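Keep the sequence and the model side by side.

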Amino acid sequence: MVLPELFSNGYAFEPEFAEPVSGTTVQTLVQLARSCRTTIVTALHIRDEAGIYRDRALIIGPDGPLAEADKSYLWGQEVGSLVPGDWKGAIADTPAGVVGVAVCYEAGFPEMVRDLAVRGAQIIAVPAAFGRPRLHAWELMTRSRALENGCILVAAGLTGDNGRGNEFAGHSRVVGPRGEVLSGIDRGEGTVLCEVDLDDIEQARTEIPYLRSLELRSTHDGGARVPRPPIDRTDAHEPTRS
């Protein structure tokens, strides 16, 4: 189950909206995951033990929190309101499969999502508060990240207008490992339900072996970058001299 980014406060960064690390929302999600025997992924406005404000991705399983990481790439008004984490996203082995998290704008950085896939992620969860003016980017990005990593991508976005000048795109969706939208909704409120087969991930990764080629290249290079061959300039145009 993936919930939108900052779903509990509607994308507001005033200090009074930040919760402690084990605040009411986290405790409620833990109870929900336990009672439903499910895994929940989201991102919340957190005030950590040092009093620093962060946008924290959480993976919560039936037995409690499994992994967390702070949003690394901040967008717009998040800059100056939050402190970014390092670029490593949260990842955990859950009853649903290995889940990695890219929070909203982070999913626009292919190298971050690729790192999650290399670390074993089968499912990429994207809790988001994506802006409506950039819906075109959301639609392309969610499909691209799934295709190029052979992952199932589950993206949940805020919708509506928060009364603070932010309009959100909605369009929550589940995307298959070939980049096809398996299930989704438009900008309205709702729930996306989708049954997927994790075995399809390996099949898709065989059909287009991006990760395998990356692994082979890394082995061949010994972990080092292969230098480019020298450029043949024998036919290069010589500048006219006057």
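In which sense do strand β9 and strand β12 pair, and over how many bridges? Strand β9 (residues 152-157) and strand β12 (residues 173-175) pair in the antiparallel sense, over three bridges. Strands here are DSSP runs (E, at least two residues), helices likewise (H or I, at least four residues), both numbered from the N terminus. Two strands pair if DSSP finds at least two bridges between them. Within this pair, V154 stands opposite V174 in β12.

A word on the basis. This is a predicted model, where local features need pLDDT of at least 70, side-chain atom pairs count only at pLDDT 80 or more, and totals for chains, interfaces and linings use all residues. Residues are numbered from 1 along each chain as its sequence is written, and side-chain values use heavy atoms, with hydrogens and water left out.

Now widen the view. β9 and β12 belong to an open sheet of six strands, ordered β6-β7-β8-β9-β12-β13, with mixed pairing. Its edge strands are β6 (91-94) and β13 (181-184), each pairing on one side only. On average, neighbouring strands of this sheet are turned by 20° against each other, direction ignored. Axes are lines fitted to C-alpha atoms, for helices over the stretch in contact, and angles run from 0 to 180 degrees between N-to-C directions.

Helix α2 (residues 110-118) lies across β6, β7 (97-101) and β8 (123-128). The helix runs at about 160° to β7. D115 lies in helix α2. D115 counts as buried because its relative accessibility is 14%; buried means under 20% relative accessible area, exposed over 50%, partly exposed in between (1.4 Å probe, protein chains only). D115 touches W87 and K88, not counting residues up to four places away in sequence. Contact means heavy atoms within 4.5 Å.

Turn to β3, β4 and β5. Strand β3 (residues 40-47) runs antiparallel to β4, joined by eight bridges. The two form a hairpin with five residues between them, and G51 in the turn has a positive phi of about 80°. A hairpin also joins β4 to β5, through two residues. β4 and strand β5 (residues 64-70) pair in the antiparallel sense over six bridges. A57 marks both pairings: A43 stands opposite A57 in β4, and A57 stands opposite A69 in β5.

Why is strand β4 (residues 53-61) largely enclosed by the rest of the structure? Eight of its nine residues are buried, so β4 is largely enclosed.

Finally, the record. The UniProt annotation "domain: CN hydrolase", from an unreviewed entry, covers residues 1-198. UniProt positions are given in the numbering used here, feature names are shortened, and annotations may be inferred rather than shown by experiment. Over residues 1-198 the chain is 19% helix and 32% strand, and the end C-alpha atoms are 16 Å apart.
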